[in-house]
Amino acid sequence: LLIMRVKGQKVTTNCSERRGSPETELDPPASTASNPLNLNMADEIHDDENFQTGDSGASSTFPKQCSALRKNEHALLKGRPCKIVEMSTSKTGKHGHAKVHLVGIDIFTGKKYEDVCPSTHNMDVPFVKRKDFQLMAINDDGYVALLDMDSFEEKSDLKLPDGELGQQIKDVFEKDESGILITVVSAMGEEAIMAYKNMPKD
């Protein structure tokens with residue numbers, strides 16, 4: 001079953017195959033962490049200054065001195081892109097630098113990571129990008145068809161997240177004639193649907 005929206009109207013048709021699938025597909029977030037940071041609405045994501053809206057270039061990270069990091073910013077902990085939820089700094093010892101203890105939550109899986117870094121050393125910070133797409137269709141296999149509002153190209157390599165967020169998106173899409181926008185967050189070569197909001201009214 002394929003649910004589509006054409007010129008403000010929903011059209012339901014049978015579709016046994018999903019078109020436009022890439023050769024490599026990313027696994028969706030786990031059901032227990034479909035929205036690990038409790039970002040139920042895109043407005044909450046917009047408030048986070050650490051999200052990048054432009055291209056980050058060839059590199060997926062940039063260096064930042066550990067002592068300059070702050071809570072709610074992003075950092076690479078144990079090789080994973082995390083949002084910092086706790087920070088503490090130890091006192092400087094006789095023969096070393098003060099050390100910063102970082103606790104972060106993986107922005108894709110919700111898993112907790114910890115790391116310790118000398119305050120004067122650099123840590124890798126991931127470029128975290130968010131982008132809104134118009135939701136055009138939901139396939140029976142859970143994959144969605146998204147429309148890039150800038151290039152008008154279709155993106156069809158993401159699944160609805162498991163759990164409450166995915167069900168909310170499906171319910172709203174089926175009922176809301178005006179359409180909805182899907183917020184996709186990407187970092188370190190991974191991406192996932194993190195939130196949704198209603199289409200702006202003209």
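Student: Which residue does Asp 150 form a salt bridge with?
Tutor: Asp 150 pairs with Lys 131, and the closest N and O atoms are 2.7 Å apart. A salt bridge here is a side-chain nitrogen of Lys or Arg within 4 Å of a carboxyl oxygen of Asp or Glu. The pair links distant parts of the chain, 19 residues apart. Asp 150 sits in the loop between S11 and strand S12 (154–159), Lys 131 in strand S10.

Student: What kind of model is this?
Tutor: This is a predicted model, in which local features need pLDDT of at least 70, side-chain atom pairs count only at pLDDT 80 or more, and totals for chains, interfaces and linings use all residues. Residues are numbered from 1 along each chain as its sequence is written, and side-chain values use heavy atoms, with hydrogens and water left out.

Student: Back to that pair. Is Asp 150 buried or exposed?
Tutor: Asp 150 counts as exposed, at 62% relative accessibility. Lys 131 is partly exposed, at 22% relative accessible area. The cut-offs: buried is under 20% relative accessible area, exposed over 50%, partly exposed in between (1.4 Å probe, protein chains only).

Student: How many salt bridges does the structure hold?
Tutor: The structure holds 9. One of them joins Lys 155 to Glu 191, with the closest N and O atoms 2.6 Å apart. Lys 155 lies in strand S12 and Glu 191 in strand S14, so the pair ties together parts that are 36 residues apart in sequence. Salt bridges that share partners also join Arg 80, Asp 106 and Glu 190 into one network.

Student: And which side chain meets Lys 155 at 3.0 Å?
Tutor: That is Asp 157, in another salt bridge, N to O. Asp 157 is buried, at 19% relative accessible area. Lys 155 counts as buried too, at 16%.

Student: New topic. How many helices and strands are there?
Tutor: The protein has 2 helices and 14 strands. Both are DSSP runs numbered from the N terminus: helices are H or I with at least four residues, strands E with at least two.

Student: What about the hairpin of S13 and S14?
Tutor: There are 2 residues between the strands, and Met 188 takes a positive phi near 55 degrees.

Student: How many residues does the largest nonpolar core have?
Tutor: The core has 15 residues. Those with the most contacts inside it include Leu 135, Ile 182 and Ile 193. S10, S11, helix H2 (164–175), S13 and S14 each supply at least two residues. Such a core is a set of buried Ala, Val, Leu, Ile, Met, Phe, Trp, Tyr and Cys residues joined through side-chain atoms within 4.5 Å.

Student: What is Ile 182 in contact with?
Tutor: Leaving aside neighbours within four places in sequence, its contacts include Lys 131, Phe 133, Leu 146, Ile 169 and Tyr 196. Contact means heavy atoms within 4.5 Å.

Notes. Pairing = 2+ DSSP bridges.
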